[in-house]
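Dear colleague,

I am passing on the structure below, together with some notes on its charged residues and one further site. Please read them alongside the coordinates.

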Amino acid sequence: METLSARADTEKEKAVTTPEPPGKRMKRVWRSIVQQKYLYLMSMPFIIWVFVFSYLPVWGWTMAFQNYKPSKSFSQQKWVGFKNFVELFHDDRFYLVLRNTLAMSLMGLVAGFIIPILFAVLLNELRGKYFKRTVQTVSYLPHFVSWVVVAGIITKMLSMDGIVNELLIQLHVIDGPIQFMAEGKYFWGIVTASDVWKETGWNAIIYLAAITGIDRELYEAARVDGAGRFRQIWNITLPGIRTTISVLLIMSLGHLIGIGFEKQFQLSNSLVTDYSEVLDLYALKYGIQISRFSYGTAISMFTSVVSIILLLTANGIMKKTTKESIM
């Protein structure tokens with residue numbers, strides 16, 4: 001009996017270690033494609049969209065190595081190698097802009113990542129169904145408001161005679177009104193707070209969906225064991241959405257320096273330029289507006305390459321530490 005058992009184990013080990021023939025593997029792949037052909041057909045439009053708008057434009061990176069002139073064809077462009085990158089890294093303004101970008105990115109990452117998780121967890125703890133739905137609806141409505149409108153609201157609230165100054169004076173926190181929008185030291189905090197207010201409700205939706213997928217019997221068992229609501233949150237809710245948190249954190253780190261420019265462009269003015277200008281605005285101002293297309297492409301290429309490196313690094317670290325990854 002032991003001999004037969006050992007022989008069976010040996011056969012299983014051979015089956016596992018023996019590589020599958022290429023022909024058989026291809027047949028299995030094609031069989032899977034045929035079985036799921038409708039899913040592949042449904043995904044084709046999105047694949048084409050990503051290819052056209054995300055991969056084809058990468059060809060434009062060649063402009064970063066040229067002295068690009070729109071009036072000339074590709075073969076007539078003058079190649080300058082890494083001249084634009086050398087000029088970029090020797091520009092003091094670039095490091096000022098990079099400082100602003102990293103500062104606002106890190107502040108936005110901490111506040112814009114932690115607060116939606118806390119909001120989703122607390123919202124999940126509400127027992128009143130209608131009140132819960134009302135709070136959720138009201139919280140994500142600002143997401144659909146354009147930054148032009150949000151900037152107007154924030155500017156009015158933080159003006160000399162705005163509600164913020166009046167409230168602080170009434171509470172005797174300050175003696176006189178503060179020019180929030182005219183002092184650079186307040187700009188990073190204003191942008192971060194505005195973004196959190198606008199996006200918290202929307203970002204919390206995915207966490208609420210993940211919480212909904214947690215088995216309710218776990219909570220019932222925890223209550224039987226005498227666990228309070230805080231212990232249930234700490235031992236069941238947060239571990240239950242750990243995968244979602246990990247994936248979104250990795251993706252957020254990938255966009256650490258590619259934060260766009262809408263918020264900064266709408267809220268900034270000439271008095272706070274040294275604190276409001278970010279990489280995308282820098283590329284727009286010194287690349288497109290003065291027709292230095294190659295220089296602007298070099299800035300955008302730097303941003304994209306660093307974002308890819310950050311994404312891969314964050315994914316590798318999370319995969320080793322938490323066994324969670326996106327690839």
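R93, D274, E277 and K285 are joined in a network of salt bridges (a side-chain nitrogen of Lys or Arg within 4 Å of a carboxyl oxygen of Asp or Glu). This is a predicted model, in which local features need pLDDT of at least 70 and side-chain atom pairs count only at pLDDT 80 or more, while totals for chains, interfaces and linings use all residues. Residues are numbered from 1 along each chain as its sequence is written, and side-chain values use heavy atoms, with hydrogens and water left out.

The structure holds 7 salt bridges, among them that of E87 and R292, at 2.4 Å from N to O. Because E87 lies in helix 4 (residues 83-89) and R292 in the loop between helix 15 (279-288) and helix 16 (293-321), this pair ties together parts that are 205 residues apart in sequence.

Another salt bridge pairs E125 with R229, at 3.1 Å between the closest N and O atoms. E125 is buried, with a relative accessible area of 15%, whereas R229 is partly exposed at 42% (buried means under 20% relative accessible area, exposed over 50%, partly exposed in between, with a 1.4 Å probe and protein chains only).

Finally, S246 in helix 12 (residues 242-254) is buried at 4%.

Best regards

How values were computed:
Helices (H or I, at least four residues) and strands (E, at least two) are DSSP runs, numbered from the N terminus.
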